[in-house]
Amino acid sequence: MMFKKIKRIVNELRANQKKMLYAQEQLYASNKLLHLLPRPYFIPETGWSMTPRAIVHCLNLIHIRKAKTIIEFGSGATTLYIAQTLKNLGDDFIFYSVESDLTWKNAMEAQLDALGLSDSVTILYCPLKDVSKEWAYKEQHLWYDTAILKSEIGDTLFDFVLVDGPFGGSTPYARYSAYPFLTDNSHNGTIWFLDDTSRPMEREIIQTWKTESNLNLSLYKRYGILASESKFDASPYAFE
């Protein structure tokens, strides 16, 4: 009986330690992001937002893998931080942010204007529509308007694809279509970043992408990355 009690206490201590380390890593990442913008500015973040550590991981990949052409699905805090990072780097770049909610698109453009980042990203308003079977998975029936997307992105080859939309509750496997749709707009070195892989459908999506792409899969607490091998590890600093 005593042994079971001691074992339970030890397991609880280990679980609490993991939670503390996770919280420390998020605080560390938040501090990194805080100093990225040229002046103090409040960026709304909710339970739907990507974690600070996930955003820092994205920025690391852009820096280290020298991504110059970027597309993200689902505008938010990441849009601002990526736009500022690209502006700081100063090289020629292309950055599209795909958004299905017109009110949120307008709000994002107002924030970009306030930060002087309007020229660093193009927000594409693409409402959700019935998706072609060639780009759908299982019971999925909605995705972004592909006609608008094709018209806007043309034959751009993307170095980095960030998928944090559509909203997972919009349709089953809502985020699957990004990979098959962008196959002709990607290359061997394209990095695919999918948020919310702690959820069963997103986990299945990225596993399916891995099978279809034969790229290397790295899974983290709340997100996953598909990419070719690299001698540089872009993971954010981790507390031991």
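Is Lys 66 buried or exposed? I looked it up: Lys 66 counts as exposed, at 61% relative accessibility. (For my notes, buried is under 20% relative accessible area, exposed over 50%, and partly exposed in between, with a 1.4 Å probe and protein chains only.)

A word on the source. I am working with a predicted model, in which local features need pLDDT of at least 70, side-chain atom pairs count only at pLDDT 80 or more, and totals for chains, interfaces and linings use all residues. Residues are numbered from 1 along each chain as its sequence is written, and side-chain values use heavy atoms, with hydrogens and water left out.

I stayed with Lys 66, which has a positive phi of about 55° although it is not a glycine. Lys 66 sits in the loop between H2 and strand S1 (69–73). I reminded myself that most residues other than glycine have a negative phi, and most peptide bonds are trans. Tyr 173 also turned up with a positive phi of about 55°, and it is not a glycine. Tyr 173 is in the loop between S6 and H6, and it is buried, with a relative accessible area of 8%. Pro 166 belongs to the loop between S6 and helix H6 (178–181). I found the peptide bond from Gly 165 to Pro 166 to be cis, with omega near 5°.

Entry: helix H2.
Helices here are DSSP runs of H or I with at least four residues, strands are runs of E with at least two, and both are numbered from the N terminus. H2 (residues 52–64) has 13 residues and reaches 18 Å from its first C-alpha to its last, close to the 18 Å expected; that span is 1.5 Å times one less than the number of residues. I noted that 10 of the 13 residues of H2 are buried, including Ile 55, Leu 59 and Ile 62.

Entry: the sheet.
I traced 7 strands in an open sheet with mixed pairing, in the order S3-S2-S1-S6-S7-S9-S8. The twist averages 15° from one strand to the next. For angles, axes are lines fitted to C-alpha atoms, for helices over the stretch in contact, and the angles run from 0 to 180 degrees between N-to-C directions. S6 (residues 158–163) and S7 (residues 186–195) run parallel and are joined by 5 bridges. Val 161 stands opposite Trp 192 in S7.

Entry: helices H3 and H4.
I checked the axes of H3 (residues 77–89) and H4, which come within 10 Å and cross at roughly 35°. Thr 79, Leu 80 and Ala 83 of H3 make the contact with Met 108, Gln 111 and Leu 112 of H4, where contact means heavy atoms within 4.5 Å.

Entry: Asp 130.
Last stop was Asp 130, in strand S4 (residues 128–130). Asp 130 counts as exposed, at 68% relative accessibility. Leaving aside neighbours within four places in sequence, Asp 130 is in contact with His 141 and Leu 142. I also noted that the C-alpha atoms of Asp 130 and Tyr 144, 14 residues apart along the chain, are separated by 8.3 Å.

Terms used. Two strands pair if DSSP finds at least two bridges between them.
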